[in-house]
Amino acid sequence: MRLGGIFFFSGILIDVEIIVLIIGFVLLHMNLGLKAILTDYLHIKKIKITLLFLIRISSIEISRYLVELLL
């Protein structure tokens with residue numbers, strides 16, 4: 001009975017770790033993709049810096065909301 005509980009609990013922890021890892025990779029992929037698009041297609045420096053700053057803020061906010069969702 002106790003051994004089954006330990007396996008069940010460890011399985012839940014492994015699932016949570018995998019979900020956190022996948023969400024981290026998705027956020028990194030989104031952030032790097034948007035930065036690449038902006039640096040390739042925008043040539044006005046002020047707009048590019050402003051949008052890169054907004055991408056950084058939005059990725060922080062999205063990750064904060066996902067952490068709140070998981071907790």
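Me: What places Glu-68 and Arg-64 about one turn of the helix apart?
Reply: Glu-68 and Arg-64 both lie in helix 2. They are 4 residues apart, and that is about one turn of the helix. Note that this is a predicted model.

Me: How do you know that Glu-68 forms a salt bridge with Arg-64?
Reply: The closest N and O atoms of Glu-68 and Arg-64 are 3.4 Å apart. The cut-off is within 4 Å, for a side-chain nitrogen of Lys or Arg and a carboxyl oxygen of Asp or Glu. The pair is an Arg and a Glu at 3.4 Å, so the contact counts as a salt bridge.

Me: What makes Glu-61, Arg-64 and Glu-68 one network?
Reply: Salt bridges with shared partners join the three residues. Arg-64 bridges to Glu-68. Arg-64 also bridges to Glu-61, with the closest N and O atoms 2.8 Å apart. A search of the whole structure finds 2 salt bridges.

Me: Why are Glu-61 and Arg-64 separated by about one helical turn?
Reply: Because Glu-61 and Arg-64 are 3 residues apart in helix 2, about one helical turn separates them.

Me: Are Glu-61, Arg-64 and Glu-68 buried or exposed, or in between?
Reply: In between. Relative accessible area is 30% for Glu-61. Arg-64 comes to 39%, and Glu-68 to 47%. Buried means under 20% and exposed means over 50%.

Me: What makes the charged end of Arg-64 sit over the ring of Tyr-65?
Reply: The charged end of Arg-64 is 4.9 Å from the centre of the Tyr-65 ring. The distance limit is within 6 Å, and the charge must also lie within 35 degrees of the ring normal. Arg-64 is listed as sitting over the ring.

Me: How many aromatic pairs are there?
Reply: The count is 0 aromatic pairs. To pair, ring centres must lie within 6.5 Å.

Me: Why is Ser-59 called buried?
Reply: Ser-59 has 11% relative accessibility. Buried means under 20%, so Ser-59 qualifies. Ser-59 lies in helix 2. Leaving out residues up to four places away in sequence, Ser-59 touches Met-30 and Asn-31. Across the protein, buried residues make up 7% of the 71 residues.

Me: Why is Leu-32 called exposed?
Reply: Leu-32 has a relative accessible area of 52%. The mark for exposed is over 50%, so Leu-32 passes. Leu-32 is found in helix 1, residues 2-41. The C-alpha atoms of Leu-32 and Ile-55 are separated by 9.7 Å, and the two residues are 23 apart along the chain.

Me: Which residues form the nonpolar patch on the surface?
Reply: Ile-44, Ile-47, Leu-51, Phe-53, Leu-54, Ile-57 and Ile-60. Together they have about 630 Å² of accessible area. The protein exposes about 6300 Å², and carbon and sulfur atoms supply 77% of it.

Me: How many helices and strands are there in the protein?
Reply: There are 2 helices and 0 strands.

Methods. Residues numbered from 1 in each chain as written. Predicted model: local features only at pLDDT ≥ 70, side-chain atom pairs only at ≥ 80, totals over all residues. Heavy atoms only, no water. Patch = residues over 30% accessible without salt bridge, like charges linked within 9 Å, V, L, I, M, F, W, Y side chains within 5 Å. Areas by Shrake-Rupley, 256 points an atom, 1.4 Å probe, with all protein chains shown as cover. Buried < 20%, exposed > 50% of the residue type's maximum accessible area, 1.4 Å probe, protein only. Contact = heavy atoms within 4.5 Å. Phe/Tyr/Trp six-rings, centres within 6.5 Å; stacked < 30°, edge-to-face > 60°.
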